[in-house]
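Me: I am new to this structure. Please take a close look at one part of it and walk me through what is there.

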Amino acid sequence: QLSPQHLKSHGLTSKEFKNKFPGYPMRSDLSLERFNNSNRSSILPKKINLDISRLLGYLISEGNNTKKRISICNTEIEVIDDIKKCFNNNFSAHYYERKRTRNKNNSTWKDNVDLVMFGRAELDFFDYLGYKKASYSNQKEVPISILKSTKSNIIEFLRSYFEGDGCVHVKKRMISCNSVSQKLIQQISHLLANIGILSTINIIIKENIKHQTIYTLSICGTE
């Protein structure tokens, strides 16, 4: 928690911290009331609630963003319905659905549904919360608003993140997730530890042209 009191305990003032880490918001900087007071026609949430936390989890795991749009892709009807509900409960802007069927080796994969949002205010809103515009997969990280949030919001974020990126290994009694972003996996591990769940991180070098490094987080169950 980057409050002024926390920084003071480390011998830093808020001004010194901002000079050293430009663009990294302090707790006082994340005021959604101040964000809503600007001249905007769209209706935006006034606080980070459970719905917004879940949306951020879906965005980090299944989202794709540019400077002009945000989209979330999934194949599960229950997940798509939950994303719609979270969005409709908190925003006045509209989105549209785009259904795609992908083929590989003459076999049909599951239908994918993209939920695409174009609202400028909504894009700015999520950017403000820490879901940065036009970022690449290896640049993904847990939004700063979640790192500063309550335990209940963190749990909702983790739940939707694993809904999108998680994999259940029944025989091994294990849940895992993968990412090419080392920072994201480390942050997920820290969030889990903060709510009493231990995890391990392994590094896999994928044998392809790029020799891509993949970071795997695993949570093992008990008998």
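Reply: A helix here is a DSSP run of H or I with at least four residues, and helices and strands are numbered from the N terminus. Keep in mind that this is a predicted model.

Start with helix α5, which spans residues 77–88. The structure holds one cavity of 30 Å³ or more. About 30 Å³ of space lies in that largest cavity. Its lining is made by Ile83, Lys84, Phe87, Tyr95, Leu115 and Met117. The biggest share comes from α5, with three residues. By class, five lining residues are nonpolar, none is polar and one is charged.

Asp82 also sits in α5. Why does Asp82 count as buried? Its relative accessible area is 15%, and buried means under 20%. Beyond its neighbours within four places in sequence, Asp82 is in contact with Arg54 and Tyr58.

Now move along the chain to a sheet. Four strands form it, in the order β5-β6-β8-β7. The sheet is open, and its pairing is antiparallel. At the edges stand β5 (166–169) and β7 (200–205), each pairing on one side only. On average, neighbouring strands are turned by 25° against each other, direction ignored.

Look at one pair within the sheet. Strand β7 meets β8 (residues 213–220) over six bridges, in the antiparallel sense. Thr200 stands opposite Ser218 of β8.

Two helices pack on this sheet. Helix α8 (residues 151–165) touches β5, β6 (174–179) and β8. The direction of α8 makes about 80° with that of β6. Helix α9 (residues 182–194) touches β6, β7 and β8. The direction of α9 makes about 15° with that of β8.

With four residues, α8 gives the most. The lining has ten nonpolar residues, one polar and one charged.

Terms used
Residues are numbered from 1 along each chain as its sequence is written. This is a predicted model: local features need pLDDT of at least 70, side-chain atom pairs count only at pLDDT 80 or more; totals for chains, interfaces and linings use all residues. Side-chain values use heavy atoms; hydrogens and water are left out. Two strands pair if DSSP finds at least two bridges between them. Axes are lines fitted to C-alpha atoms, for helices over the stretch in contact, and angles run from 0 to 180 degrees between N-to-C directions. Contact means heavy atoms within 4.5 Å. Ala, Val, Leu, Ile, Met, Phe, Trp, Tyr, Cys and Pro count as nonpolar, Asp, Glu, Lys and Arg as charged, and the others, Gly among them, as polar. Buried means under 20% relative accessible area, exposed over 50%, partly exposed in between (1.4 Å probe, protein chains only). On a 1 Å grid over the protein atoms alone, a cavity is a set of points where a 1.4 Å probe fits but cannot get out, and a pocket is an open set with protein on both sides within 12 Å along at least five of seven lines; lining residues have an atom within 4 Å of a point. Grid points are joined across faces, edges and corners, and a volume is the space filled by probe spheres set on the points.
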